[in-house]
Amino acid sequence: MNIDDFDLFDAHIHLSATEFNSSRLDILNYLKVSKTLAFNVSETLNDSKITVELSNSNDNLLSFVGMHPKYSQSNLEEFDVFFKDNLDLIDGVGEIGLDKTYIERGIDFENQIITFKHMLQLAEKSKLPVSIHSRDATQEVLDILESYNLPCIMLHWFSGNEDQLKKILNSEILVSFGPALVYSKSLQKLAKLSNPESTIVETDGP
């Protein structure tokens with residue numbers, strides 16, 4: 001793949017989501033016409049399987065597989081088998097991470113941490129980039145990341161504070177602010193502080 005072949009980039013989209021079932025082919029055609037490279041992320045094992053299948057047949061997609069924090073109670077051994085069997089078709093690990101807002105839904109935070117670290121270990125061993133969800137858990141995510149050697153880290157839809165952003169800007173971590181940047185004053189303020197060279201764009205579609 002030659003990066004110069006693309007004019008536009010979407011660093012985080014969920015094309016394997018069922019919401020795209022009726023429009024997926026149109027979107028894939030649009031990606032080709034517009035010369036857009038999309039980072040297609042996953043939330044579950046089933047999503048990951050669809051992601052790999054889509055990316056294997058479309059040059060405009062990069063396949064990111066992983067377990068989203070809201071599915072942190074899933075079977076990791078089953079995911080490991082899939083990951084090993086499809087490693088040659090996987091471009092990154094994501095969407096993975098932590099989310100404290102899920103605690104009130106009964107999703108244990110310690111289980112989230114276990115799953116997150118497991119996904120990071122897979123990425124580190126395979127030398128793959130990661131796309132990370134960190135809502136209400138930015139500091140915990142940053143603390144955990146210090147223990148891993150990863151080729152590229154993308155903090156999807158950054159929602160931390162100014163001090164955390166400044167720390168990130170002194171590292172090689174990339175950040176995005178998501179579509180909420182259009183209306184969120186707090187995100188607009190953070191975006192103004194961010195370094196354009198370390199800021200990526202995403203739709204987080206759908």
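Reply: Here is the sheet, followed by its surroundings.

This is a predicted model: local features need pLDDT of at least 70, side-chain atom pairs count only at pLDDT 80 or more, and totals for chains, interfaces and linings use all residues. Residues are numbered from 1 along each chain as its sequence is written, and side-chain values use heavy atoms, with hydrogens and water left out.

The sheet is open and has seven strands, in the order 1-2-3-4-5-6-7, with parallel pairing. Strand 1 and strand 7 are the edge strands, and each pairs on one side only. Strands (E, at least two residues) and helices (H or I, at least four residues) are DSSP runs, numbered from the N terminus. Two strands pair if DSSP finds at least two bridges between them. Strands of a sheet pair through backbone hydrogen bonds, either parallel or antiparallel.

Take strand 3 (residues 61-65). Five of its five residues are buried, so strand 3 is largely enclosed by the rest of the structure. Buried means under 20% relative accessible area, exposed over 50%, and partly exposed in between, with a 1.4 Å probe and protein chains only. Leu61, Ser63 and Val65 point one way from strand 3, while Leu62 and Phe64 point the other way. Three bridges join strand 3 to strand 2 (residues 36-40), and the two run parallel. Here Phe39 stands opposite Leu62. Strand 3 is also parallel to strand 4, with two bridges between them. In that pairing, Phe64 stands opposite Gly92 of strand 4.

Move on to strand 5. Four bridges join strand 4 to strand 5, and these strands run parallel too. Val93 stands opposite Val130, and the bridge partner of Gly97 is His133. Val130 and Ile132 point one way from strand 5, Ser131 and His133 the other, and all are buried.

The side chains of His12 and Ser131 are joined by a polar contact of 3.1 Å. A polar contact is a pair of N or O atoms within 3.5 Å; within protein, one must be able to donate a hydrogen and the other to accept it, and residues adjacent in sequence count only if both atoms are side-chain atoms. His12 is buried, with a relative accessible area of 1%. Leaving aside neighbours within four places in sequence, His12 is in contact with residues including Phe39, Glu95, His156 and Asp204. Contact means heavy atoms within 4.5 Å.

Ile153 touches Val130, Ile132, Leu145, Ile173 and Leu174, not counting residues up to four places away in sequence. At 11% relative accessibility, Ile153 counts as buried.

Now helix 4 (residues 109-126). Its 18 residues reach 26 Å from first C-alpha to last, close to the 26 Å expected at 1.5 Å a residue. The expected span is 1.5 Å times one less than the number of residues. Its buried residues include Phe109, Ile113, Phe116 and Leu120. An α-helix has 3.6 residues a turn, so residues three or four places apart point the same way. The buried residues of helix 4 pack against helix 3 (76-85), strand 4 (92-97), strand 5 (130-133) and helix 5 (138-145).

Both ends of helix 4 have a feature to check. At its start, a side-chain oxygen of Asp108 reaches to within 3.0 Å of the backbone nitrogen of Glu110. After the helix comes Lys127, whose phi is positive, near 55°. The charged end of Lys100 sits over the ring of Phe109, 5.8 Å from its centre. That label needs NZ of Lys or CZ of Arg within 6 Å of the ring centre and within 35 degrees of the ring normal.

Last, the rings. The structure holds four aromatic pairs. The rings of Phe158 and Phe177 have their centres 6.2 Å apart and their planes at 85°, so this pair is edge-to-face. Phe158 lies in the loop between strand 6 (153-156) and helix 6 (162-169), and Phe177 in the loop between strand 7 (174-175) and helix 7 (185-193), 19 residues apart. Both are buried. Rings of Phe, Tyr and Trp (its six-membered ring) pair if their centres lie within 6.5 Å; planes under 30 degrees apart count as stacked, over 60 as edge-to-face and the rest as tilted. Ring pairs also link Phe79, Phe82 and Phe83 into a cluster.
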